[in-house]
Structure formats: structure tokens, C-alpha cells
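Take a look at the chain below.

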Amino acid sequence: MAEINLLSKYPKAKRNIEARVANKNENRIIALKFGREYFDGTREQGYGGFKYDGRWLPIAQDIVDHYGLKAGSSVLDIGCAKGFLVKDLMKVCPGLEVFGIDISSYAVLNCEQETVGRLHLGDARSLPFPDASFDLALSINTIHNFDKKGCIKALSEMTRVAPKAGYVQVDAYRNEEEKNIFLDWVLTAKTHGTPEFWKKLIFEANYKGDYYWTIL
Ligand SMILES: C[S@@+](CC[C@H](N)C(=O)[O-])C[C@H]1O[C@@H](n2cnc3c(N)ncnc32)[C@H](O)[C@@H]1O
């Protein structure tokens, strides 16, 4: 269990915060459906076009190296969206058994061709897999979408299905300035706080994996 940034190679996003603030409540309601608008609608409503561009490849390589994954190892990506990370993990480590789960039928129905049959529709708070099914569970920028009780449930589910290794990343802020940017920009997060807040929650959930923060 360690604080480690495995997304250090993720490109920094460009954000027009003013445009999003304008219709924040409406955009939030739309985004929380995790449907077409959230992924492939306007930037105010979510990603503004969620397309594969290979950005996860160096991150996938870092994950494989860090956890010593090899052909036959099994990985679950919780909140996998269209399966970009699932695809890239399989690309950098041929023979790796990678699966994903997401609440969005839009995302799963529009997944990367290489991930067809590997993505499940389901809820991170109640994973439909037996105990110790995977060598590693990942969840990137997903768990903060739940209320506090849901975050604890999702974290404990990660450790239940992958007791050997986990990596969770959530939105966080370290000071008032970062908090204000976060509050203006983020549409879907229901639980948020400082790294210290998250560390307490992780402890409460008895989560045993690694963790890091997305700071906007
Ligand atoms: C911010 S996106 C992150 C997607 C991907 N992990 C990434 O980092 O690009 C959050 C994802 O969580 C999914 N999600 C939201 N609620 C969920 C739930 N209850 N169970 C599983 N996935 C959920 C959304 O559909 C969306 O794909």
C-alpha cells in the first residue's frame, strides 16, 4: 500500500472553465447519466469527444513494470469507459488477461474493437466477480463519483476481487486555489477532499492497494 503516481505520463488537459461554469447544473445532470453526451457530446457536458489516441500506452507500460505483470496475469479496470487502458495493457503485455467494468452501456457499446467481450456492464460498488479473481484491480478517476459510503464500498470491493494489488486514483485538491478550480470544473464527483481526507477514507475501507490523486 503506497502513494505512487502511475499516471505521471498522462497529458495535461486544456480546460475552458468559464464555458463549463455557465450551465453547470444542467451539464452536471447530463454528465451523471454517463451516456453519449458525457463521452461524445460537448466539452461543457463531459469529455467533448472520447476517442482513442494512444495516450494510455506509456501509462500501461508503467503499470505492467510496476506490478511485474506478465502473460497470464489478470487485471480488472473498474470504470474502464470504452476500454482504452484495457486495450493498451494488452498491447504492451501480450498474453495479459485484462477485463473492464463500467456502469455506462454507451461506453461499453462503443468500446475499442480489441476489447469486445472483455468489458462488463456493472457497478464498482458491487463487482460481479468472486473473491481474489484478479492479480490487480485498477480504478482511475471513477470512485469519487460516489457518495462517501459508495466510495468505501467500491474501495473494499477492489481489495476483495484483487487482494494482492490495487491502484486507485481520485480527484483531490491541496489548497483553496485548487479546490476552487475543482469546484468550477468537475461535473460528476460527489466525494472530494484533500489527499489526507482520501487517505482516511482508504484506511476506513480497509483498502490494501496503492493510490494517487488527480489534481486539476
Ligand atoms: C472520469 S471517467 C474515467 C474513465 C477512465 N477510467 C479514464 O480514466 O479515462 C469515469 C468512468 O466511471 C464510470 N462510472 C461511473 N459510475 C460508475 C459505477 N457506479 N460503476 C462503474 N463505473 C462507473 C463512468 O461511466 C466513466 O466511464
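## The ligand site

A nitrogen atom of the ligand lies 3.1 Å from an N or O atom in the side chain of Asp-123. The protein covers 94% of the 590 Å² of accessible area that the ligand has on its own. Keep in mind that this is a predicted model. With Ile-103, the backbone takes part. One of its polar backbone atoms is 3.3 Å from a nitrogen atom of the ligand.

Which residues come nearest to the ligand? They are Gly-79, Asp-102, Asp-123, Ala-124 and Ile-140, out of 20 residues around the ligand. Sorted by class, this shell holds 11 nonpolar, six polar and three charged residues.

Helix α8 spans residues 176–185. Its buried residues are Glu-178, Phe-182 and Trp-185. Why do the buried residues of α8 line one face of the helix? Seen down the axis, they fall within an arc of 75 degrees, so they share one face. Glu-176 and Glu-177 are exposed on the other side of α8.

What covers the buried residues of α8? The cover includes α1 (17–22), α2 (24–31) and β5 (166–171). The N-terminal end of α8 has a cap, Asn-175. A side-chain oxygen of Asn-175 lies 3.2 Å from the backbone nitrogen of Glu-177.

Arg-20 is found in helix α1. Is Arg-20 buried or exposed? Its relative accessibility is 4%, so Arg-20 counts as buried. The cut-off for buried is under 20%. Leu-119 is 99 residues from Arg-20 along the chain, and their C-alpha atoms are separated by 30 Å.

Asn-23 sits in the loop between α1 and α2. Its relative accessible area is 42%, so Asn-23 is partly exposed. Where does Glu-44 lie relative to Asn-23? The two are 21 residues apart along the chain, and 8.1 Å separates their C-alpha atoms.

## Helix α4 and what follows

Helix α4 covers residues 57–67. Ile-59, Ala-60, Asp-62, Ile-63, Val-64 and Tyr-67 are buried in this helix. Among the elements that cover the buried residues of α4 are α5 (84–92), β4 (136–140), β5 and β6 (210–214). β5 is also part of the cover over α8.

Gly-68 follows α4. The phi of Gly-68 is positive, near 60 degrees.

## Positive phi without glycine

Two alanines also have a positive phi. For Ala-81, phi is near 55 degrees, a positive value in a residue other than glycine. Ala-81 is found in the loop between β1 and α5. With a relative accessible area of 9%, Ala-81 is buried.

For Ala-132, phi is near 50 degrees, again positive in a residue other than glycine. Which loop holds Ala-132? It is the loop between β3 (119–121) and β4.

Ser-74 is found in strand β1, which runs over residues 74–78. The relative accessibility of Ser-74 is 14%, so Ser-74 counts as buried. Which residues does Ser-74 contact, leaving aside its neighbours within four places in sequence? They are Glu-97, Ser-133, Phe-134, Asp-135 and Leu-136.

Gly-150 has its place in helix α7, residues 148–161. Gly-150 also counts as buried, because its relative accessibility is 6%. Take Gly-150 together with Ser-73. They are 77 residues apart in sequence and, C-alpha to C-alpha, 28 Å apart in space.

Conventions. Residues numbered from 1 in each chain as written. Predicted model: local features only at pLDDT ≥ 70, side-chain atom pairs only at ≥ 80, totals over all residues. Heavy atoms only, no water. Buried < 20%, exposed > 50% of the residue type's maximum accessible area, 1.4 Å probe, protein only. Helix = DSSP H or I, 4+ residues; strand = E, 2+ residues; numbered from the N terminus. Arc of directions from axis to C-beta. Contact = heavy atoms within 4.5 Å. Polar contact = N/O pair within 3.5 Å; in protein donor to acceptor, adjacent residues only side chain to side chain. Near = heavy atom within 4 Å. Areas by Shrake-Rupley, 256 points an atom, 1.4 Å probe, with all protein chains shown as cover. Nonpolar A, V, L, I, M, F, W, Y, C, P; charged D, E, K, R; others polar.
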